[in-house]
Amino acid sequence: MFKKSFLPGLLLGILSIFPLEAATVSFLVIEAGGSEEAGPNQYSGLWESGLLDVFFEAGHIVSNAPILRLEKMPRELLPGEALEDLHEAVEGGMDFFVIALLDYTSLSDPLIRRPEKISLRLFNAASQKLIYEQQYADKTSKTPGEEFSSLKQAVKGLVPHLNDR
């Protein structure tokens, strides 16, 4: 009888030592310099899905804002156009805000729909402080599945920085 009640108690005690806290993360994908006439870009959707997948699979609570299109690259780390989405994330109780900034400004051929550079920025949502920034530029030709795997690997580089707060 003692063994039956001791083992579950021991297991519960061991599990209570480790914190089981999930961060809440909101995402915003920004297309800079893309053509309005061209319509939605497949890479923007890939990045949005990759961000959501990686953080959800890591055990975090995720949400996203609609993809934002800008005529040119913003100069600020946290573009003014993104502030409304950030404020909504804070009101929704989000701990972190991630911006994936896809740069289409230097593309001379409108048929090429792949961003030249991607900047991933992780912010503390409440303080609006930049925690971490990572650049991604992979110019090799890949299948959509390979591209998705590659960008998810890049996004995984953000996850450990949630502890930096």
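**Close-up 1. The polar contact between Glu-48 and Asn-64 in the predicted model.** In this predicted model, the side chain of Glu-48 makes a polar contact with the side chain of Asn-64, at 2.7 Å. Glu-48 has its place in helix α2 and, although buried, takes part in no salt bridge, the nearest side chain of opposite charge being that of Arg-69, 12 Å away. When neighbours within four places in sequence are left aside, the residues in contact with Glu-48 are Val-29, Asn-64, Ala-65 and Ile-67.

**Close-up 2. The largest nonpolar core.** This core has 27 residues, and those with the most contacts inside it are Val-25, Trp-47, Leu-51, Phe-55 and Leu-102. Two or more residues are given to this core by each of the elements β1 (24–32), α2 (42–57), β4 (96–103), β5 (117–124), β6 (130–136) and α4 (144–156), and the largest share, 6 residues, comes from α2.

Close-up 3. Leaving aside neighbours within four places in sequence, Leu-102 is in contact with Val-29, Ile-30, Glu-31 and Ala-32, with Tyr-43, Ser-44 and Trp-47, and with Pro-115, Lys-117 and Ile-118.

**Close-up 4. The aromatic pair of Phe-27 and Phe-55.** The count of aromatic pairs comes to 2. In the pair formed by Phe-27 and Phe-55, the rings lie 5.2 Å apart from centre to centre with 55° between their planes, an arrangement classed as tilted. This pair links distant parts of the chain, with Phe-27 in strand β1 and Phe-55 in helix α2, 28 residues apart. Both Phe-27 and Phe-55 are buried, and Phe-55 is also among the residues with the most contacts inside the largest nonpolar core.

**Close-up 5. The aromatic pair of Trp-47 and Tyr-136.** The ring centres of Trp-47 and Tyr-136 are 5.0 Å apart and the planes stand at 75°, so this pair is edge-to-face, a class that calls for planes over 60 degrees apart. Distant parts of the chain are again linked, since Trp-47 belongs to helix α2 and Tyr-136 to strand β6, 89 residues apart. Both Trp-47 and Tyr-136 are buried.

Note on methods:
Residues are numbered from 1 along each chain as its sequence is written. This is a predicted model: local features need pLDDT of at least 70, side-chain atom pairs count only at pLDDT 80 or more; totals for chains, interfaces and linings use all residues. Side-chain values use heavy atoms; hydrogens and water are left out. A nonpolar core is a set of buried Ala, Val, Leu, Ile, Met, Phe, Trp, Tyr and Cys residues joined through side-chain atoms within 4.5 Å. Buried means under 20% relative accessible area, exposed over 50%, partly exposed in between (1.4 Å probe, protein chains only). Helices (H or I, at least four residues) and strands (E, at least two) are DSSP runs, numbered from the N terminus. Contact means heavy atoms within 4.5 Å. Rings of Phe, Tyr and Trp (its six-membered ring) pair if their centres lie within 6.5 Å; planes under 30 degrees apart count as stacked, over 60 as edge-to-face and the rest as tilted. Lys and Arg count as positive and Asp and Glu as negative; His and the chain ends are not counted. A salt bridge is a side-chain nitrogen of Lys or Arg within 4 Å of a carboxyl oxygen of Asp or Glu. A polar contact is a pair of N or O atoms within 3.5 Å; within protein, one must be able to donate a hydrogen and the other to accept it, and residues adjacent in sequence count only if both atoms are side-chain atoms.
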